Amino acid sequence: MAFLYAVIGDNRTGKSQLALLLAKMWKRSNKKGKIYAHDVNDDFAKIADFDIDANNKEWALELSEKKNVLLILDEIRLLHPSNQTHPNDRTLMAKRGKNNINIIYIQHNPRMILEIFAYYTHKYFIFFTNNRKGNFDEKVPDAELCLTAAYIVNKYAGRYDSHQYKALYPRFPYCIVDTKSGEISTQNMNASFLKKLNQKPKTN
């Protein structure tokens, strides 16, 4: 089944590194599959087969016809300035299952997520973020889970100053919110810290 993942967090918190890792894993399992990327920072230049042109207003419609692909959409609002659902977006969502169109989209702020994407997102990968509660409430159907995940990550990241935090590369702390199971799993965090938080996410 085609997946739709969101990666959310501030600058230099590990978002692109994770998206690249997920893309490499997808490619290993889909050797004949193609990767299309809207890559504003050239983070995926070595793995992407094609670039998505921000000037092409029909990008979603054209990609909806592709089969066995992964779309990496970094800062999708550069591709789609309006929050209103476009007919091309609906076509892409309608055909992604049949055509095995997988999507990873990367955002700094949950308020910038396209509503139709938020509705179908299977997993949220949440890194350190300064986003307020309302930003999740307005956009994310599973807002409480995402807020809990953001709280855990922010508390963990807050133990480090900026220099120490950068030194965590490539093992930046983040949480995975699974919208189907309703579970939060933590990544790159130690168990003793989580116990102090009095949270009960599944720890990997």
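Trainee: How do the residues lining the largest pocket divide into nonpolar, polar and charged?
Mentor: This is a predicted model, and its largest pocket has a computed volume of about 340 Å³. Of the 18 residues that line this pocket, those closest to its centre are R12, K15, S16, Q17 and D43. By class, the lining comprises five nonpolar, seven polar and six charged residues.

Trainee: Which helix gives the most residues to the lining of the largest pocket?
Mentor: The leading contribution to that lining is four residues. They belong to the helix that spans residues 15-29, which is α1.

Trainee: Which element provides the largest share of the lining of the second largest pocket?
Mentor: The second largest pocket holds about 190 Å³ of space, and its lining includes G14, Q17, L18, L21, F127 and P170. Sorted by class, this lining has six nonpolar, three polar and one charged residues. The largest share amounts to three residues, and the element that supplies them is α1.

Trainee: Turning to T129, is this residue buried or exposed?
Mentor: T129 sits in the loop between β6 (123-126) and α5 (133-137). Leaving aside residues up to four places away in sequence, T129 touches G9, D10, H108, A150 and N154. The relative accessibility of T129 is 1%, and because a residue counts as buried when this value is under 20%, T129 is classed as buried.

Methods. Residues are numbered from 1 along each chain as its sequence is written. This is a predicted model: local features need pLDDT of at least 70, side-chain atom pairs count only at pLDDT 80 or more; totals for chains, interfaces and linings use all residues. Side-chain values use heavy atoms; hydrogens and water are left out. On a 1 Å grid over the protein atoms alone, a cavity is a set of points where a 1.4 Å probe fits but cannot get out, and a pocket is an open set with protein on both sides within 12 Å along at least five of seven lines; lining residues have an atom within 4 Å of a point. Grid points are joined across faces, edges and corners, and a volume is the space filled by probe spheres set on the points. Helices (H or I, at least four residues) and strands (E, at least two) are DSSP runs, numbered from the N terminus. Ala, Val, Leu, Ile, Met, Phe, Trp, Tyr, Cys and Pro count as nonpolar, Asp, Glu, Lys and Arg as charged, and the others, Gly among them, as polar. Buried means under 20% relative accessible area, exposed over 50%, partly exposed in between (1.4 Å probe, protein chains only). Contact means heavy atoms within 4.5 Å.
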